[in-house]
Amino acid sequence: MKKVGILGGGQLGRMLLQEAANFPVETWVMENDAACPAAHLCHHFILGDIRNFNDVYEFGKQLDAITIEIESVNVDALEKLEMEGVTVIPRPSALRIIKNKIRQKEFYQANGIPTANFVTVQNQLELEQHIAFLPAAQKLGEGGYDGKGVQLLHKPDELPLGFDAPSILEKKVDIEKEIAILVAINKKGESALYPPVEMVFDPYLNLLDLQLAPADLKEQQLWRIEAIAHKLAKSLDSPGLFAVELFVDRNGEVLVNETAPRVHNSGHHTIEAHFTSQYEMLWRLLLDYPLGPTAALMPSSLVNLIGEKDHSGPVVYEGLEEVMAMEGVYIHLYGKKETRPGRKMGHVTILGKDKHDLVRKAHQVKRTLKVIS
């Protein structure tokens, strides 16, 4: 029985632990909230700050392996643990690149990975010197998640909305489709690609609203996406599960948006829709088991359950029974007791053979199942 720890106790940690029940593993979780979604599913819960060096080091030194469910962790402590023989997946060197969007974009540039043009700014004053770069998206170097830390700037009079902090200003892309693809790499360097998915984002919250799998792509676009994602993941020189988000622009060009070095929202559908879920795949990596098959069992769509506008407080799921009565529909609630506008509270996966039926059912779920207080 290997001892494996997870830094972070949110919904990703929760679903990772649900899969852990199928493996010979003793699980540990550290989070600063004893009521977090993952707390009651692990063998050992440690109250601590995943950003604090001593907390992470003391947590990790008793373990055989350690992973993350969010990037905002203390990388210095993970480096020390790795030097002392603890398996850290992803490696701290890869995490250090990815957790900072400035370093991440510079990594793409240095490794010949196509991405949107960008400039780096340190503060609001520097931002105002790049009026000619608009329209653009400003992204905080660190601390952003789930659409937070991103500001779209279209005209000079919107510059006061920008962040007064180190960030990148990324030239706006004329997007036709937003795609995500999961890449798994083990310690031997063997890799497996999941079929790419198409993501539709909420324009106001800037987070995933609806997803279709597999993505509807031309053959050459598919090959290009797979080649870019594979090269990116290999260049990080780390075992792990990497979710690569990409744009396909109106000219058919493929550009990397950003990468997550962990299980990811765009891979939730794999629980029901694929031979090997992203969560099982990460356990295979952590425990040195063979990579699993990544093919889809059926096409799928996915809907995020997001806290409704103007609703904050104890959560109520309106329309839950109606959605549970639908065929081929799987509901995952994250166990969060409090809802607030824009908070991820769960997701719904829909299986079916017909794309139009998948889209129809997804919109039916969105209309029916509401997260209120």
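Three aromatic pairs are present in this structure, a pair being counted when the ring centres of Phe, Tyr or Trp (its six-membered ring) lie within 6.5 Å, with planes under 30 degrees apart called stacked, over 60 edge-to-face and the rest tilted. The model is a predicted one, in which local features need pLDDT of at least 70 and side-chain atom pairs count only at pLDDT 80 or more, while totals for chains, interfaces and linings use all residues. Residues are numbered from 1 along each chain as its sequence is written, and side-chain values use heavy atoms, with hydrogens and water left out.

**Aromatic rings**

- Phe23 and Tyr289 form a stacked pair, because their ring centres are 6.0 Å apart and their planes meet at 20 degrees.
- Since Phe23 lies in the loop between α1 (11-20) and β2 (25-31) and Tyr289 in the loop between α9 and β16, the pair ties together parts that are 266 residues apart in sequence; helices (H or I, at least four residues) and strands (E, at least two) are DSSP runs, numbered from the N terminus.
- Phe23 is buried at 15% relative accessibility, whereas Tyr289 is partly exposed at 33%, where buried means under 20% relative accessible area, exposed over 50% and partly exposed in between (1.4 Å probe, protein chains only).
- Phe53 and Tyr57 make another stacked pair, with 6.2 Å from centre to centre and 15 degrees between the planes.
- Phe53 and Tyr57 are four residues apart in helix α2 (residues 53-60), and are therefore separated by about one helical turn; Phe53 is partly exposed, with a relative accessible area of 30%, while Tyr57 is buried, with 14%.
- The charged end of Lys171 sits over the ring of Phe133, 5.5 Å from its centre, a placement that requires NZ of Lys or CZ of Arg within 6 Å of the ring centre and within 35 degrees of the ring normal.

**Salt bridges**

- The count comes to 20 salt bridges, each defined as a side-chain nitrogen of Lys or Arg within 4 Å of a carboxyl oxygen of Asp or Glu.
- Asp237 and Arg91 form a salt bridge whose closest N and O atoms are 3.8 Å apart. Asp237 lies in the loop between α7 (219-235) and β14 (240-249) and Arg91 in the loop between β5 (87-88) and α4 (92-98), so this pair ties together parts that are 146 residues apart in sequence.
- Asp237 is exposed, with a relative accessible area of 53%, whereas Arg91 is partly exposed at 28%.
- Lys187 is bridged to Asp288, with 3.5 Å between the closest N and O atoms. This pair links distant parts of the chain, 101 residues apart, with Lys187 in the loop between β10 (175-185) and β11 (191-193) and Asp288 in the loop between α9 (278-286) and β16 (300-306).
- Lys187 is partly exposed, with a relative accessible area of 45%, and Asp288 is likewise partly exposed, with 44%.
- Asp49 and Arg51 meet through their side chains in a salt bridge of 3.4 Å, N to O; Asp49 is partly exposed at 26% relative accessibility, and Arg51 is exposed at 55%.
- A network of salt bridges links Lys105, Lys139, Glu170 and Glu258.

**Strand β10 and its partners**

- Nine of the eleven residues of β10 are buried, so this strand is largely enclosed by the rest of the structure.
- β10 and β14 run antiparallel and are joined by ten bridges, with Ile179 standing opposite Leu246 in β14; two strands pair if DSSP finds at least two bridges between them.
- β10 also pairs in the antiparallel sense with strand β12 (residues 197-201) over three bridges, where Glu178 has Met199 as its bridge partner.
- Three bridges join β10 to β11, again antiparallel, and Ala184 is partnered there by Ala192.
- The hairpin of β10 and β11 has five residues between the strands, and in this hairpin Gly189 takes a positive phi near 90 degrees.

- Glu245, found in strand β14, is buried yet has no salt bridge, and the nearest side chain of opposite charge, Arg262, is 6.9 Å away; here Lys and Arg count as positive and Asp and Glu as negative, while His and the chain ends are not counted.
- Leaving aside residues up to four places away in sequence, Glu245 touches residues including Ile179, Met199, Glu258 and His264, contact meaning heavy atoms within 4.5 Å.
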